[in-house]
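These are my notebook entries on one structure, written down in the order in which I looked things up.

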Amino acid sequence: MILAVETSCDDTCSAVVTHEGHVRSNVIASQGLLHARYGGVVPEIASRRHLELLDAVIADALESSGASMDDIDTVAVTNGPGLIGALLVGVSEAKALAAARRLPLAPVDHLRGHVLASTLGERPIEPPFLCLVASGGHTFVARVDDPAAYTVLGQTLDDAAGEAFDKGARLLGLGYPGGPELDRLARSGDPEAFSFPRSLPGDGLDFSFSGLKTSLLYRVRDLGEEEAMRRRADLAASYQRAIVESLLARTRAALEREGVARLGIGGGVAANSELRSSVERLCGELGVDLWVPPVSLCTDNAAMIAAAARFSEPIEYPGYLALDASARVA
């Protein structure tokens, strides 16, 4: 079995997954409440909290899986992209665990984990397929012909969809993390109440969300504090609709251009209720099979890191002792 560690941002995660893709455990210790007072993740605080939690989270993952380190033949870890301090905590822990037993270590790109989350479970997605990944730091559409690699067809030119949700929630005076809060508020609002721009830059498959955030800022300012608060649900619903329709437009274009009959979605924004239902309708319209991971596999988690490790060649001891983390996309 594979023991995986994920500490790329503010969630301390560990999982035990079989090489066949069965998730034996997937433990996530969220730091959301810790960072809520600051309105966003504070990197140094996140790193220190990972140090405090990681041993216990790994022990919990092993106990919940009914396994011990004697059953583990591979250790996997996110080594980028993400917050460098947070990543270094996970990489150091994984190297220590693997080296102590002379186990191989599989370094995993965090984004590849999101792409391959749908390869887990009893009904795994199989290539070729397209995947829409939308998270707090990244938004892209990729084509997967081989699980060992993927090709980016289009990506955000500026802000990620998840960042647009979080910044929009902040403008509306909602709590942190903002995406889920905005999603809940939007359910009681009218998505047609306000007109916001859809990001369709050019004829390609790239995304853009910075103009949408600015549009919400000006709309809230023009309405005034009291009126904006009174119509907050309508603002949330209209703003969310603009983000979702932007994601759908590019996904539709990619599916039609590539002629692929399978689609997976991943990343924290894939937990958004409107996006999930809208993608389901789109795939029904196009006759495309859809894979939507459970919410626990959309947000940052270690099971998806193990999923990616299944399709990579691990590094044997002692070759990984010099392994480093990287804050940027490889």
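This is a predicted model: local features need pLDDT of at least 70, side-chain atom pairs count only at pLDDT 80 or more; totals for chains, interfaces and linings use all residues.

Entry on helix α5. I looked up which residues of α5 are buried, and I found A161, G162, A164, F165, G168 and A169. They cover an arc of only 160° around the axis, so they sit on the same side of α5. I then looked for what these buried residues pack against, and I listed β6, β7 (139-146), α6, α7 and α9.

Entry on the pair α5 and α9. I next asked how the axes of α5 (residues 161-171) and α9 (residues 232-258) lie to each other, and I found that they come within 11 Å and cross at roughly 175°. Because an angle over 145 degrees counts as roughly antiparallel, α5 is roughly antiparallel to α9. On the α5 side I noted A161, A164, F165 and G168, which meet Y239, Q240, I243 and L247 of α9. When I sorted this contact by class, I had six nonpolar residues, two polar ones and no charged residues.

In soluble globular proteins, nonpolar side chains tend to be buried together. I looked up the largest nonpolar core here, which has 47 residues, and within it I243 and L247 touch the most other members. At least two residues of this core come from each of β6 (129-134), α5, α6 (178-186), α7 (210-223), α9, β9 (262-266) and α10 (273-286). The helix that gives the most is α9, with 12 residues. Leaving out residues up to four places away in sequence, I found that L247 touches L132, A134, T139, A161, F207, F209, V269 and L275. I also recorded a second, separate core of 30 residues, which includes I2, V115, I125 and F129.

Entry on the backbone. Most residues other than glycine have a negative phi, and most peptide bonds are trans, so I searched for exceptions. R102 is not a glycine, yet its phi is positive at about 55°, and I located R102 in the loop between α3 (84-100) and β5 (105-109). The peptide bond that joins P127 and P128 is cis, with omega about 0°, and P128 lies in the loop between α4 (110-116) and β6. I noted another cis peptide bond from Y317 to P318, where omega is near 5°, and I placed P318 in the segment after α12 (303-309).

How values were computed:
Residues are numbered from 1 along each chain as its sequence is written. Side-chain values use heavy atoms; hydrogens and water are left out. Axes are lines fitted to C-alpha atoms, for helices over the stretch in contact, and angles run from 0 to 180 degrees between N-to-C directions. Helices (H or I, at least four residues) and strands (E, at least two) are DSSP runs, numbered from the N terminus. Angles under 35 degrees count as roughly parallel, over 145 as roughly antiparallel, 65 to 115 as roughly perpendicular and the rest as oblique. Contact means heavy atoms within 4.5 Å. Ala, Val, Leu, Ile, Met, Phe, Trp, Tyr, Cys and Pro count as nonpolar, Asp, Glu, Lys and Arg as charged, and the others, Gly among them, as polar. A nonpolar core is a set of buried Ala, Val, Leu, Ile, Met, Phe, Trp, Tyr and Cys residues joined through side-chain atoms within 4.5 Å. Buried means under 20% relative accessible area, exposed over 50%, partly exposed in between (1.4 Å probe, protein chains only). The arc is that of the directions from the helix axis to the C-beta atoms.
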